[in-house]
Amino acid sequence: MSRLTLCITIIALSLSQLCISQNTNDLMPYLQDFKSVSANNTVTITSYEKNGTHFVYAGGFGGIDIFSLNKEGKLNPIGTQELYKKEGPARGMVADNISGTDFLFVANKFGNAIETFKILDDGSLERLSLTMDTDETHLGIAITLQVVHMNQGSYLFIGGLEETPGLSSFKIHKDGKLTHVQSMKDDEKIHTDGIIGMFTHKLKGKTFLYTGGFQDNGVSSFRVYENGSFKNINNISDNTTDRYLTGAYPVTGVKLGDNHYIIVGHRHHKYYKRNGFIKNPDFVYHGDGVSVFKVNRKGALEPHFVLKDDENTKLQGQTRIEVVSVDNNEAILAVGTRDDASIQLCKLTEDGTLTPLNYLENGFSIYYGLRSHQIDDVNLLIAGSNRFDLKKIATYKVAPKADRGDKVLRHIVNLKYKKEATEVELNEAVNAFLNLKKEIPEIENIEWGLNDSKEGASKGFTHAFTLTFKDDHAREIYLFHEAHIALVNKIGPLIDDVLVMDYWTKP
């Protein structure tokens, strides 16, 4: 089974061999690698560089999977780290260096705790401390963590989805332990009920923190002081005309020229049951969009621009927005979506205009697991899914779009079955493979045959399947489709070896 999964993953293209568009604004994510993870429901991914080695941490229910990452986007498994009470899922993971030590801070959602780990030289983790929720703090169902560095110390800001929501600040000590500084209880004014995104900007020596409120549909700004305390600056609520903050979700930011921007996405409450998780079911849906706010001289947010979803974009159910790169006063952003199951690239210019570029229908819903990472001059994305059947994370290289012309993609799967596989099992396996055409509309055509070569170089492979796809999107959807995953799980025990090759050709 593991060999089958491993070989099926060998579909990443060498971008240097592609016919590349010369338009540097015409960027596209390209799949490089994917690996299995031990934790179900990979909801959080972060990355970190230590001593020249790049590490990826994928958190889910019960634990954290650890990988190394190279500039080609290849993942190498290192190990796993169990969470407190084997709970989780690991949410809001953030890695940072505090007083010369590399730490990974993890919000243990259902453990109602913050775990502090030391990042060792090989990327593995050593638990140092556990900070539990109290009546005074807001760590219950903790989801989002943000490290804020000040001149005299560093602080960890924490938010989440607990029943008594709010924002908490903790001082980070040299040994990784946390001591409580301040907590601010949510009220009707501020937007801290369901903090799923946070970001900080520094303006003329002053530090400001920005939060999104998933349940109370808005964004808030706070001034952070040298001792880690904070106060509210301003708040912007959703409306039913030109704002898209119902279910405010990812929050990020970027400085372009002299301008500071905050970019906020949302997963609208329409995507949830009205009488269940959502506290206020009385909402109006008027579309999906990404909101850009400009930070004024006082650190307050001002509505600036909205990129609205249309038939040419994939912005439904935004759960993560990552800054891929900043160059020449332009920023490239990657928007991960749960409901569109895509990665949408966008460009933010110095004047605060957000323009859609290309998107990739990656074939799985992204919940909170999307992370941008740069190695040398290579921009990568690492993505995971909330799907319990997938149990994989994938890497993508952001590069100029390949000019495919009118070519189609041939996906060839050669199988060698185990000697003990019966004729009945082989026939069932073939029929299950062919049935994918009914289950996955993106497959343009599928054909198969038994090996009839007389050259003696078949190396024991007996069955060959050729699938045709019209574009990159179709292949991604196929690779991560529930029906394909089910097929791999079903016939995997029968497989002795597999050889997969993909190529583009004229139809």
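Which residues form a negative surface patch? The answer is Glu420, Glu425, Glu428 and Asp496. Keep in mind that this is a predicted model. A search of the whole structure also turns up 14 aromatic pairs, and the structure holds 17 salt bridges. Here's a quick tour.

**The negative patch**
- Glu428, one of the patch residues, sits in helix H2, which covers residues 423-434.
- Its relative accessibility is 43%, so Glu428 counts as partly exposed.

**Aromatic rings**
- Of the 14 aromatic pairs found, one to look at is Phe157 with Phe230: the ring centres are 5.4 Å apart and the planes stand at 65 degrees, so this pair is edge-to-face.
- Phe157 belongs to strand S11 (residues 154-160) and Phe230 to strand S17 (residues 230-237), so the pair ties together parts that are 73 residues apart in sequence.
- Both Phe157 and Phe230 are buried.
- There's a cluster as well: ring pairs link Phe214, Tyr249, Tyr272 and Phe277.

**Salt bridges**
- Lys71 and Asp376 meet through their side chains in a salt bridge, at 3.3 Å from N to O.
- That pair links distant parts of the chain, 305 residues apart: Lys71 is in the loop between strand S4 (63-69) and strand S5 (75-82), while Asp376 is in the loop between strand S26 (370-375) and strand S27 (378-384).
- With 30% relative accessibility, Lys71 counts as partly exposed, whereas Asp376, at 58%, counts as exposed.
- Lys35 has a salt bridge with Asp33, and their closest N and O atoms are 2.7 Å apart.
- Are Lys35 and Asp33 buried or exposed? Both are buried.
- Asp389 and Arg387 make another side-chain salt bridge, at 2.9 Å from N to O.
- Asp389 is partly exposed, with a relative accessible area of 32%, but Arg387 counts as buried at 11% relative accessibility.
- Salt bridges can join up, too: Arg404, Asp472, Arg475, Glu476 and Asp502 are linked in a network.

**A look at Val398**
- You'll find Val398 in strand S28, which runs over residues 392-400.
- Why does Val398 count as buried? Its relative accessibility is 10%, and buried means under 20%.
- From Val398 to Ser154 is 244 residues in sequence and 32 Å in space, C-alpha to C-alpha.

Conventions:
Residues are numbered from 1 along each chain as its sequence is written. This is a predicted model: local features need pLDDT of at least 70, side-chain atom pairs count only at pLDDT 80 or more; totals for chains, interfaces and linings use all residues. Side-chain values use heavy atoms; hydrogens and water are left out. Patches are made of residues with over 30% relative accessible area and no salt bridge: like charges are joined within 9 Å, nonpolar side chains (Val, Leu, Ile, Met, Phe, Trp, Tyr) within 5 Å. Accessible areas come from the Shrake-Rupley method with a 1.4 Å probe; for residues, only the protein chains shown count as cover. A salt bridge is a side-chain nitrogen of Lys or Arg within 4 Å of a carboxyl oxygen of Asp or Glu. Lys and Arg count as positive and Asp and Glu as negative; His and the chain ends are not counted. The place of a charge is taken as NZ of Lys, CZ of Arg, CG of Asp or CD of Glu. Helices (H or I, at least four residues) and strands (E, at least two) are DSSP runs, numbered from the N terminus. Buried means under 20% relative accessible area, exposed over 50%, partly exposed in between (1.4 Å probe, protein chains only). Rings of Phe, Tyr and Trp (its six-membered ring) pair if their centres lie within 6.5 Å; planes under 30 degrees apart count as stacked, over 60 as edge-to-face and the rest as tilted.
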